[in-house]
Each structure stands twice: as C-alpha cells, then as structure tokens.
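Me: I am new to this structure and would like to go through it in questions and answers. Please show it to me.

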Amino acid sequence: ITPYLSEEWMKLIRKCAENSEKMGLDAWLYDEDMWPSGYASGVVPAMSDEFKEQALVFVPEEEVAATDKIVRRTEWGGKQYCVAHRTCAAGMVRFNGQCYIDTLNPAAVRAFLDSTHEKYRKKLGDMFGKEVKGIFTDEPCYGIHWFYTVPHVTYSRYLRERILREKGYDILERCEQLFLPKGDYKKTRYDYYTCAGDQFAESFTKQYDAWCRAYGLCFTGHLMAEETMYEQAQWTGGVMYNYLWMEMPGVDKLMRGTQQLITIKQLTSVAEQAGKARALSECFAGLGHESGFAGRKKIMDWQAVNGISFVNMHLSHYSLRGERKRDYPPDIFYQQPYFEDEKFFSDYAARLSQLAAYGQRDV
C-alpha cells in the first residue's frame, strides 16, 4: 500500500526509529519488500539479464525452451537429453513482476546494496549505529527452486570461472555429471557445490558485511533453507561459512516442532568458535494463530538450552487484510485477544536471552 522505498516509506521508517529511541528501544531495518532478500522488489533483475537468476536444466532434446542455450548433449537410457543454460524469466507476481537475482554475481549484489541500503543511508545515515542498530537480511540464497519443473542446478558464469580457477576444469564440459551418474560424478558434484557455496559467501555475505561495517550497522538475519544438509546444498552450499561474515548470525525456527537441532547447533557452534556476542533466531512462523504463550515458551526454552541468545518473534502485521492473515501466522499484535498480556511474555524472552548470552555454548 505504501510504495516500497518511496519518500513516504522513508518518512515512516524514520518516524519509527525516532519513536523507538523515545521508548528506549533499538530500531532495525529489514532489507527487502518480501523475502528472499536481493531483488529489491524487482528493481535489480530489471536492470540486466546478467543480474537474473541462472540455472542449468536437464531436459529431453525436444523440450529445450526457445530461450535456453544448449551447452551439452548426452544420452541416457537410449534417449537424447540436453543440459541447457536457462535465465530466469521475468513476470512473477511473487517478485513484483520480475524474478530472483544471480547472487553469485558480485555486481548484482552490489546493485542490490545500491538500490536498497544506499537509499536507507541517504535518508537515515545520521541514525546508523545510534537509533538504528542494524539491518536484517531474510533468506538470501543462490537459487529459487520453485521456478523449475525440470531437473536443474544453480549456475552463474562466476561459478564456472571459480571452478576453472580452483579445480582446473571447465564445468560445462562435465555438466551432465551434475545430473547423471557418469564418470567421476561424485567429485564433480562435490567441486560444484563447494565452489557454489564459497562464491555465494564471497559475493553476497562478505560484501554485505563489508557494507554494514563501513556504516556502523550490525549485520544479522538468516539464510534460506537451513533445515537439512540436503537443502543447504541446493540453496546456499552450506550455511556455516556464511555465519563468519555476520555480526549476529541467525536461523529461522519454523513451525511447532523441536527437531531442528542440526540448524541450531550449526549456528551456535560457529557463534561460539568465532566469538559472536549473540546468536539470533527468527522464530514462531507457522505455529498458527491459535498458538499461545505455552507453545511459544516451549520452543524458546529449547532454543536457549541449545545456545540461542536473541529472539526475533515472527510477526506483527499492521493489517490482516488479504493474504497477510495466512502468511505464516501467528500475527503477534493487537489483533490477538492475548496481546494485552504480550509484554509479560516479551520480558521473559528478553531475560531468557540475556541469561543464555552469559553462558558458554557446548559446541
């Protein structure tokens, strides 16, 4: 309703920061219109096809799209297949008529910082490190897998160059091994995802961290799909290395269960080893509107036992019109019948986090 990053938007953000100071609170910025972070509400991918998300797809020869660029033909089970380079098409409502970006491309990430972070600096830079404590990135990754209905892997010419530089071969000459058990495919896949993860960390996370450090902001948030090692390979190449480049690294604790131990331990192990003051958890998304204090306390206590020392509660909507009512509830705000007692719970969360921060994590 309020145009993203417009003059009105900036005036309201500044007013929030000013009022936060009066209330004795820190103000934080959120870096995107809607997650995942990086596309700046469609501004960045609209700049250039070079900035759009890229992939290698594996399809029968007759199903190659008109805009695909065939890089390898191969045979499997008596049928001809192609590995093709595909650039993500614009037009997705979810991305404001655009698509996601190639986060392995440092120039695309720089364009994201220029189009979002630099705008905030221009309007609120005098408050950075003072009223405005830091900035939260939400679920960046190197490939959105919702976009594809065929086998695919993330791709970027920067990834190709990195593999050639570090592993000594052109990945396009072996790319069928990313899909088929041919040749030394295990090593090829290991090289591919290792280099993809390193490239993502350097292109996105390290560059983001450098910008925040330059302007006195705490860099926090969490990455996409931390829940399993399999998902991490698909989406980020592994989350742990990225935590080194976040002042307050974090995770997303979704839904009601407490089985997500590997996610918490990956984060808190790096936080302990790297001397991070706090480990953040964005939690409670997906619990449902009917979740009350007891359910949230159980999850929060479990996290604290395992080393989480900063709780970011999800979410407070100004309005529940349209899809917002069903957007990963609960909505922890005035619409809830229990909200008049929420301060009691929030004070408990703050004290629990402070206690957890005093301890030393068992990593």
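This is a predicted model: local features need pLDDT of at least 70, side-chain atom pairs count only at pLDDT 80 or more; totals for chains, interfaces and linings use all residues.

Reply: Residues are numbered from 1 along each chain as its sequence is written, and side-chain values use heavy atoms, with hydrogens and water left out.

Me: Which cysteine sulfur is closest to that of C16?

Reply: A disulfide is a covalent bond between the sulfur atoms of two cysteines. For C16 the closest cysteine sulfur is 19 Å away, too far for a bond. That sulfur belongs to C218.

Me: Is C195 buried or exposed?

Reply: The terms rest on relative accessible area: buried is under 20%, exposed over 50%, and partly exposed in between (1.4 Å probe, protein chains only). The sulfur of C195 is 16 Å from the closest cysteine sulfur, in C175, which is too far for a bond. With a relative accessibility of 0%, C195 counts as buried.

Me: Which residues of α10 are buried?

Reply: Helices (H or I, at least four residues) and strands (E, at least two) are DSSP runs, numbered from the N terminus. Helix α10 covers residues 342-358, and its face turned away from the buried side carries the exposed residues K343, F344, R351, L355 and Y358. The buried ones are E342, F345, A349, L352 and S353.

Me: Which residues of α1 are exposed on the face turned away from its buried side?

Reply: Helix α1 covers residues 7-22. Its buried residues are M10, A17 and S20, and what covers them includes β1 (27-30), α3 (106-124) and β5 (132-138). The opposite face carries the exposed residues K11 and K22.

Me: How far apart in space are K79 and P60, C-alpha to C-alpha?

Reply: K79 is found in strand β4 (residues 79-87). Not counting residues up to four places away in sequence, K79 touches P60, E62 and T74, contact meaning heavy atoms within 4.5 Å. K79 and P60 are 19 residues apart in sequence, and their C-alpha distance is 7.7 Å.

How values were computed. The expected span of a helix is 1.5 Å times one less than its number of residues. A disulfide is a pair of cysteine sulfur atoms within 2.5 Å.
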